[in-house]
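Please open the model in a viewer and keep the selection tool at hand.

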Amino acid sequence: MNRDLTVGKPSQVLVRFSLPLLGSIVFQQLYNLADSFVAGKFLGDAALAAVGNAYEVTLIYLAFAFGCNVGCNVVLSLLFGAKEYGDLRTAVNTTFIASGVLCLILMALGFAFTPALLTAINTPPELMADTETYLYIYTGGLLFLFFYNIATGIFSAMGDSRTPFLFLMFSSLSNIGVDILFVTAGGMGVDGVAWATFLCQGISCLCAMAAVLLRLKKLPHAPHKLFSFRLLEKISLIAIPSILQQSFISVGNLFIQSLVNGFGSAVVAGYSAAVKLNTFALTGFTTLGNGLSSFTAQNIGAGRPERVKQGFRAGAGMTLCVAVPFIAAFVFAGPQMVRLFLSAPSADALAQGTLFLNIVAPFYVLISLKLAADGVLRGAGCMGQFMTATFTDLILRVILAFLLAPRFGAAGIWMSWPLGWAVAAALSLGFYFTGGWRKRVGSIDK
């Protein structure tokens, strides 16, 4: 069901819109974690390390898919809030066409340069074959990844967070079952978890696309076009910075992964387990920030900036409520959390995974507030400010990791995360409170 986020008490509207997003967090992370869980439990530490190594590369693909999702979501939210249904349909068509072309280019590059990229990040020789296999299969399913993300962006733009949640729940639960089936009954290795992702993601994508087309038919009829360069420019102004943000973070993580790889397979396995848990938490904060982007964009499109401030307060409160349980679990039960991904962890793997969680988790308060502020900035189209804070975080983390690793070992790499977060949070919150986002109110063309 479409929902107008410009009417009703902002805190209540945002909470109702965000509840399915919170559910989506769980199932999105079950989806992402399933491959690592099955690899670690049924195939061993080496398989987990291979999947974890591949994961840093897949984040680059996810960055592009996420950027298309955000660009589409923000522009469509503005158009939906302004009730410009003709341009909304045109924007949907434009997004599908442009994203399809981009995806095909990425697939070609992925197939051509995967071995060189894995060599560049110092992938241990014993992990190379399994990592390559996983990435080749994952790359073959990129169209599913892209169009599924675009479909969820369209639903969210129209105020419907429930439908994407249902598709994601089906996909994630299916992925876990198929992962285990392929590895145990099918006798497959890392290729089995990759094919499970391919299959489940493909089915979910086709179902989501069919639902989007049906939903668009129910909107009031208005003249529209197959493609618009004007709207492509508007979408790109949001999408490209978002892609660059996520891509640069992923590239930065690859540099960090190359440092981690230098400490051997045991530390790689511990880091792979811990970073998945960390990503679980961060995705929760990011997803709520995305919900705040949809809320902000609809209300800015409708010329109602006062609701954005109320929405930010509610959104910041929700991210803090999500942060506290993660902090408690990772700080007080770190070894137990890491063991979820390792069947018989070595002492080094368990110790380093636990240390990572103990260092970064207390700073979830800062990063959750940063991502709430980012949600407003992105929804308002203030991409310069958004990018400034994000790149500051990334650059600091990479530089500090290389500076601290020689002195403190792997712990130095873990310490770079909260230091980067602290500076970036100060920037994002400063940009929000200075109120520059208010200048975007009233029109998509501003």
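A residue is called buried under 20% relative accessible area, exposed over 50%, and partly exposed in between, with a 1.4 Å probe and protein chains only. This is a predicted model, in which local features need pLDDT of at least 70 and side-chain atom pairs count only at pLDDT 80 or more, while totals for chains, interfaces and linings use all residues. Residues are numbered from 1 along each chain as its sequence is written, and side-chain values use heavy atoms, with hydrogens and water left out.

**First stop: salt bridges**

A salt bridge requires a side-chain nitrogen of Lys or Arg within 4 Å of a carboxyl oxygen of Asp or Glu. The structure holds five of them. Select Arg304 and Glu306, which form a salt bridge with their closest N and O atoms 3.5 Å apart. Arg304 counts as partly exposed at 31% relative accessibility, and Glu306 counts as partly exposed at 39%.

Next, select Lys370 and Asp374, whose side chains meet in a salt bridge at 2.4 Å, N to O. Both lie in helix H13 (residues 364-379), and because they are four residues apart, about one helical turn separates them. Helices here are DSSP runs (H or I, at least four residues), numbered from the N terminus. Lys370 is buried at 3% relative accessibility, as is Asp374 at 1%.

Move on to helix H14 (residues 383-408), where Asp393 and Arg397 are four residues apart and so separated by about one helical turn. Their side chains meet in a salt bridge of 3.1 Å, N to O. Asp393 is buried with a relative accessible area of 6%, and Arg397 is buried at 4%.

**Second stop: a buried arginine**

Select Arg89 in helix H3 (residues 85-120). Arg89 is buried yet has no salt bridge, and the nearest side chain of opposite charge, Asp87, is 10 Å away. Lys and Arg count as positive and Asp and Glu as negative; His and the chain ends are not counted. Leaving aside neighbours within four places in sequence, the contacts of Arg89 (heavy atoms within 4.5 Å) include Leu216, Pro220 and His224.

Definitions and conventions
Helix = DSSP H or I, 4+ residues; strand = E, 2+ residues; numbered from the N terminus. Contact = heavy atoms within 4.5 Å.
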